[in-house]
Amino acid sequence: MVLADGAMGTMLQSLGLGPGEAPEVWNRDHHEKVQSVHRGYVEAGSQIILTNSFGGSRYRLGMHGLEGEVRELNRLAAELAREVAGDDIVVGGSMGPTGELLTPLGTATFEDLKDAFAEQAAALVEGGVDYLHIETMSALEEVHAAIEGVRSVTDRPITATMTFDTHYHTMMGVSPKQAAEAIGQWGVVAFGANCGNGPEEIIRVIGEMKEVAPDAWLIAKANAGLPRLVHGETIYDATPEDMVNYARTVMNIGVKIVGACCGSTPAHVKEMRKAVDEFLGGAQK
Ligand SMILES: [Zn+2]
């Protein structure tokens, strides 16, 4: 059982990241703030931290005119996390969706996406990540392109999670069962679910994955509830206790890596640490 970290984006927003700003730019311009988020999770007991590079593909950075800075911003993301992690904490290189639809729905080809993920992964490896984490995916083809892209530049381990926020399916209509069956064959060390509409949803999704992939290493990283706008501020309503109950439940289902996603803070992760320790203590008896 390994405890991962919680949200990066939501934390950076609370530190002043503007709505239209690329979080990855902060790896260069506000590195102390990015590292303060990593440090918060390490101090809360995370054994894995993810780099601030979720939107670090040339497509996503291109929305901000930064497509030429993939290498620098991803390398910095990895270096910042590595410096906080030292040798004891594992650093995963975060890679989110490109935002592109594959042909014929969109204009990007499988090879285009593979190239983009290869470029990002190479920079993350250069900066010192231990493994690559593909996350918040909706399309299986994009997960596949990302895995192949990573494979073309490094032998480091790969993990992948999709987001099942549309009636227990991804936005592109992939069920947890389909995801588990497909990704399980693509040579990743672990896969599962992240983000979405909160803990209850991920608990069901992980249960369905477990049924078709009983021996796989599963990952659960739930949002801290749903975002709501209150007086112009985005609030997530899951309390640390809610996240503890979620952690206990998915550990009992059999996940190997448990963490949190949007809306979570080191306060949530600190309580989840206690739940993980309890679980491990119980497992030894
Ligand atoms: Zn999220």
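Reply: Let us start with tyrosine 168, which lies in the loop between E5 and H8. Please bear in mind throughout that this is a predicted model.

Me: Is tyrosine 168 buried, partly exposed or exposed?

Reply: Residues between the buried cut-off of under 20% and the exposed cut-off of over 50% are called partly exposed. Tyrosine 168 has a relative accessibility of 29%, so tyrosine 168 counts as partly exposed.

Me: What is the phi of tyrosine 168?

Reply: The general idea is that most residues other than glycine have a negative phi. In tyrosine 168, phi is positive, near 65 degrees. Histidine 167 also has a positive phi, near 50 degrees. Histidine 167 is found in the loop between E5 and H8, and at 70% relative accessibility histidine 167 counts as exposed.

Me: Where is serine 175, and which residues does serine 175 contact beyond its neighbours within four places in sequence?

Reply: Serine 175 is placed in the loop between strand E5 (158-162) and H8. Its contacts, with those neighbours left aside, are Phe164, Tyr168 and His169. With 13% relative accessibility, serine 175 counts as buried.

Me: Where is serine 53, and is serine 53 buried or exposed?

Reply: Serine 53 sits in the loop between strand E2 (48-50) and helix H4 (58-62). A relative accessible area of 0% makes serine 53 buried. Not counting residues up to four places away in sequence, serine 53 touches Glu24, Asn74, Ala77, Gly93, Ser94, Met95, Gln120 and Leu124.

Me: At what angle do H6 and H7 pack?

Reply: H6 and helix H7 (residues 140-151) pack at about 50 degrees, with axes 7 Å apart. H6 is therefore oblique to H7. H6 passes H7 in a right-handed crossing. Phe110, Leu113, Lys114, Phe117, Ala118 and Ala121 are the H6 residues of this contact, and among their partners in H7 are Glu141, His144, Ala145 and Val150. By class, the contact of H6 with H7 has eight nonpolar, two polar and four charged residues.

Me: Which peptide bond is cis?

Reply: As a rule, most peptide bonds are trans. The bond from threonine 103 to proline 104 is cis, with omega near 5 degrees. Proline 104 is found in the loop between strand E3 (90-95) and H6.

Me: How many residues does the largest nonpolar core have?

Reply: In soluble globular proteins, nonpolar side chains tend to be buried together. Here the largest nonpolar core has 72 residues, and Met162, Ile183, Tyr246 and Val258 have the most contacts inside it. Not counting residues up to four places away in sequence, the residues that tyrosine 246 touches include Pro199, Ile202, Ile203, Val258 and Met272. There is also a second, separate core of seven residues, including Ile48, Leu50, Ala190 and Ile219.

Definitions and conventions. Residues are numbered from 1 along each chain as its sequence is written. This is a predicted model: local features need pLDDT of at least 70, side-chain atom pairs count only at pLDDT 80 or more; totals for chains, interfaces and linings use all residues. Side-chain values use heavy atoms; hydrogens and water are left out. A nonpolar core is a set of buried Ala, Val, Leu, Ile, Met, Phe, Trp, Tyr and Cys residues joined through side-chain atoms within 4.5 Å. Buried means under 20% relative accessible area, exposed over 50%, partly exposed in between (1.4 Å probe, protein chains only). Contact means heavy atoms within 4.5 Å. Helices (H or I, at least four residues) and strands (E, at least two) are DSSP runs, numbered from the N terminus. Axes are lines fitted to C-alpha atoms, for helices over the stretch in contact, and angles run from 0 to 180 degrees between N-to-C directions. Angles under 35 degrees count as roughly parallel, over 145 as roughly antiparallel, 65 to 115 as roughly perpendicular and the rest as oblique. A crossing is left-handed if the near helix is turned anticlockwise from the far one by less than a right angle, and right-handed if clockwise. Ala, Val, Leu, Ile, Met, Phe, Trp, Tyr, Cys and Pro count as nonpolar, Asp, Glu, Lys and Arg as charged, and the others, Gly among them, as polar.
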